[in-house]
Amino acid sequence: MDATSRPGRDRPRRKPAAGAQHARQKPVLREPPPGGLYGALDLGTNNCRLLIATPTPTQNGFAVVDAFSRIVRLGERLAQTGRLSEDAMGRTVDALRVCANKLRWRKVERVRLVATEACRMAENGSEFIDRVKNETGLKLEIIDRETEAGLAAVGAEPLVDREAETALVFDIGGGSTEVLWMRRAGERFETVAWTSLAAGVVTISERFGGGVDVTPASFEAMRGFLRPMLQAFAQRVSAANGGAPPVPSHLLGTSGTVTTIAGVQLGLQRYDRARVDGCWLDTDDIGAVTHRLLHLSYEQRAANPCIGRERADLVLAGCAILEEIRLAFPAQRIRVADRGLREGILTLLMKEDGTYGGAA
C-alpha cells in the first residue's frame, strides 16, 4: 500500500565548519536499565541528534540529562546521485562518534538508534549503516516512514491542546515531511490518517536552485510543486470526516523550520528552547515572517541569530512547505514543538519498561 494512502532535517552549506497506537499498549514491566538512563538517536537527512534521559514524575515523563545535535547534511546531493557522498558520510561518522562516546561515558544501555529518509533512499544506505557499526560501535536501525510518523506523533502528543478535538501534526525534515491528522479519543489523541511526503528542506532547496538566491517566483514554484501532495492528503482527511473541510483545532509543528520561524517571530537574539518549545503563534504571524524572510538576501538570513549560515539556504524551502500545510489545513493558530522523534522513542522505551513518569 502506498504510504500516502495508509491511516494511521536542513543540509550544511557546502562544507559544514511505531506509532501512537503502540503507546497505548499495556507496558511490559522490566527492570530499569543501570543508572536509569535511556538514549534516543535520530539520524536524518540533515541533522544528527541524540538525547539521553531518565524517567521522572513530570509532565513530560522524563528529564534530559545530556543532548547532542549537529548539522551533518548526510543527504547532500542525494537526490541528484542516488548515493550518500564520501564527504557527507565522513561528517556524519564524526558526529556519531561523539554520540557513541556520550552513550558509553553515561553507561546508557537502553537505547534505540534510528536513521530515516537519507539512509532509506540511498543506494548505499545499508553499506553506510555497516560502516557506522564498524567505526563507532553504534547499530543504527533504518525505519520506514510509517514508523517515523508514529514516533513523531508520540513525541509531540503532550503539546496537543487538551481542549482540542482535532490537530494536524507535522514534522518537516530534511528529506521528507510527515503529516498526521489526530483526533480526540477520550483523554488521549489517536492518529486517524497520515502521509509521508518525499519532500523536505534539503530536497526542495536543491530542486529549486540551492536556496541561496530565492526569488518570489522560485518560492512560488516550490509551493506549486508541493501543493498537489498536501491537497491530496487534505481530501483524504475530508473524506474520513464525512466530507467536512479539513480545518483542525490547531496545527502542531515539530521541526527546525517551525522552531526557527518562532525564534524569528519572537525576536530572539539567541535561540532559546525554553521560550520556543510549546509556544503558540497566530498563523498570520507565520505568514508575515515568511514574507519578511523572502525579501531578505542570503547574507541577511544568515545574520539572523535564529537562522545562521547553516540554515540560511534551507529556511525558505521549509517556509514553502509550511505555507502549503497552512493552505491545505487552515487553522487560526499553531503550537511549536522543539521535540519530536527522539522524544517519541524515549517515551515508548520507558513505557515498555513501565518506568515512564518515574514509575517503578
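Biologist: Are Trp181 and Phe329 buried or exposed?
Modeller: A word on the ground rules: this is a predicted model, in which local features need pLDDT of at least 70, side-chain atom pairs count only at pLDDT 80 or more, and totals for chains, interfaces and linings use all residues. Residues are numbered from 1 along each chain as its sequence is written, and side-chain values use heavy atoms, with hydrogens and water left out. Buried means under 20% relative accessible area, exposed over 50% and partly exposed in between, with a 1.4 Å probe and protein chains only. By that scale, Trp181 and Phe329 are both buried.

Biologist: How many aromatic pairs are there?
Modeller: Rings of Phe, Tyr and Trp (its six-membered ring) pair if their centres lie within 6.5 Å; planes under 30 degrees apart are stacked, over 60 edge-to-face and the rest tilted. The count by this rule is three.

Biologist: What is the geometry of the pair formed by Trp181 and Phe329, and how many residues apart are they?
Modeller: Their ring centres are 6.1 Å apart and the planes are at 40°, a tilted pair. Helices (H or I, at least four residues) and strands (E, at least two) are DSSP runs numbered from the N terminus. Trp181 sits in strand E7 (residues 177–185), and Phe329 in the loop between helix H13 (315–328) and strand E11 (333–337). So the geometry is tilted, and the separation in the chain is 148 residues.

Biologist: Where does the edge-to-face partner of Phe208 lie?
Modeller: Phe208 pairs with Phe225 at 5.9 Å centre to centre, with 65° between the planes. Phe208 is in the loop between helix H7 (201–207) and helix H8 (216–240), 17 residues from Phe225.

Biologist: Which residue lies over the face of Trp280?
Modeller: A charge sits over a ring if NZ of Lys or CZ of Arg is within 6 Å of the ring centre and within 35 degrees of the ring normal. Lys351 does this over Tyr356, at 5.0 Å from the ring centre. For Trp280, the residue at 3.7 Å from the ring centre is Arg333.

Biologist: How many salt bridges does the structure hold?
Modeller: A salt bridge needs a side-chain nitrogen of Lys or Arg within 4 Å of a carboxyl oxygen of Asp or Glu. One of them joins Glu135 and Arg131 at 3.0 Å, N to O. These two residues are four apart in helix H5 (residues 125–136), about one turn of the helix. The total is 27.

Biologist: Which residue forms a salt bridge with Glu157?
Modeller: The closest N and O atoms are 3.2 Å apart in the bridge of Glu157 to Arg188. Glu157 lies in the loop between helix H6 (145–156) and strand E6 (166–172) and its partner in strand E8 (residues 188–197), so parts 31 residues apart in sequence are tied together.

Biologist: How many residues apart are Arg223 and Glu324?
Modeller: Their side chains meet in a salt bridge, 2.6 Å from N to O. Arg223 is in helix H8 and Glu324 in helix H13, distant parts of the chain. Both are buried. The separation is 101 residues.
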